[in-house]
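The stops below go from the whole chain to single residues, with a note on what to select at each one.

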Amino acid sequence: EAMSCGTAIIATELTATPYTCQDAAVYFDAFKSDDLCQKLQDLYHDIEAIDSLREKAIRRSHALLSYKQSAKLFHEFLKPIIDAWYAKYE
């Protein structure tokens with residue numbers, strides 16, 4: 001949601017965030033709180049970097065599937081599995 005609103009993002013490299021955000025975020029080391037503070041200060045003083053992140057975030061959000069598309073694909077993936085499970089117990 002943040003990317004689609006054009007928000008500058010600061011995130012960790014944990015989980016799927018780097019895949020999702022790609023170059024539309026600034027990443028910090030989740031195990032070093034001072035790294036987060038430093039990245040926040042860096043962005044606070046660099047309006048051009050914030051503007052660049054905002055533009056990249058909007059572009060990246062358009063490249064991702066919508067919630068509706070994701071839900072449809074997930075349903076298509078699960079339906080045969082669930083149908084087979086129910087058939088087994090009927």
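The model is predicted, so local features need pLDDT of at least 70 and side-chain atom pairs count only at pLDDT 80 or more, while totals for chains, interfaces and linings use all residues. Residues are numbered from 1 along each chain as its sequence is written, and side-chain values use heavy atoms, with hydrogens and water left out.

**The whole chain**

Switch to a cartoon view. The protein has 4 helices and 2 strands, and along the sequence they come in the order β-α-β-α-α-α. The radius of gyration is 19 Å, well over the 12 Å that the globule rule gives for 90 residues, so the protein is more spread out than a compact globule. That radius is taken over C-alpha atoms, and the rule is 2.2 Å times the number of residues to the power 0.38. Helices (H or I, at least four residues) and strands (E, at least two) are DSSP runs, numbered from the N terminus.

Turn the model along its principal axes: the C-alpha atoms fill a box of roughly 65 × 30 × 15 Å. Now show the surface. Its accessible area is about 7100 Å², and 60% of that belongs to carbon and sulfur atoms. Such areas come from the Shrake-Rupley method with a 1.4 Å probe, and for residues only the protein chains shown count as cover.

How many of the 90 residues count as buried? The share is 19%. Buried means under 20% relative accessible area, exposed over 50%, and partly exposed in between (1.4 Å probe, protein chains only). Of the contacts with a separation of 6 or more, 46% are between residues 24 or more positions apart; a contact means heavy atoms within 4.5 Å.

Select threonine 12, which belongs to strand E1 (residues 9-12). Threonine 12 is buried, at a relative accessible area of 18%. Beyond its neighbours within four places in sequence, threonine 12 is in contact with Thr17, Pro18, Tyr27, Phe28 and Ala30. A polar atom of its side chain lies 3.3 Å from the backbone nitrogen of leucine 14.

Move on to threonine 15, in the loop between E1 and helix H1 (17-21). Its phi is near 55°, a positive value in a residue other than glycine. Threonine 15 is exposed, with 76% relative accessibility.

Next pick glutamine 22, in the loop between H1 and strand E2 (25-28). Glutamine 22 is not a glycine, yet its phi is positive, about 50°. At 40% relative accessibility, glutamine 22 is partly exposed.

**Helix H2**

Select leucine 43 in helix H2 (residues 33-44). Is leucine 43 buried or exposed? Leucine 43 is buried, with a relative accessible area of 9%. Not counting residues up to four places away in sequence, leucine 43 touches Ile10, Val26, Ala49, Ile50 and Leu53.

**Helix H4**

End on helix H4 (residues 67-88), where phenylalanine 77 is located. Phenylalanine 77 is exposed, at 55% relative accessible area. From its C-alpha atom to that of alanine 63, 14 residues away along the chain, the separation is 21 Å.

Lysine 68 is also found in helix H4. Lysine 68 is exposed, with a relative accessible area of 71%. The C-alpha atoms of lysine 68 and proline 18, 50 residues apart along the chain, are separated by 22 Å.

Conventions
Polar contact = N/O pair within 3.5 Å; in protein donor to acceptor, adjacent residues only side chain to side chain.
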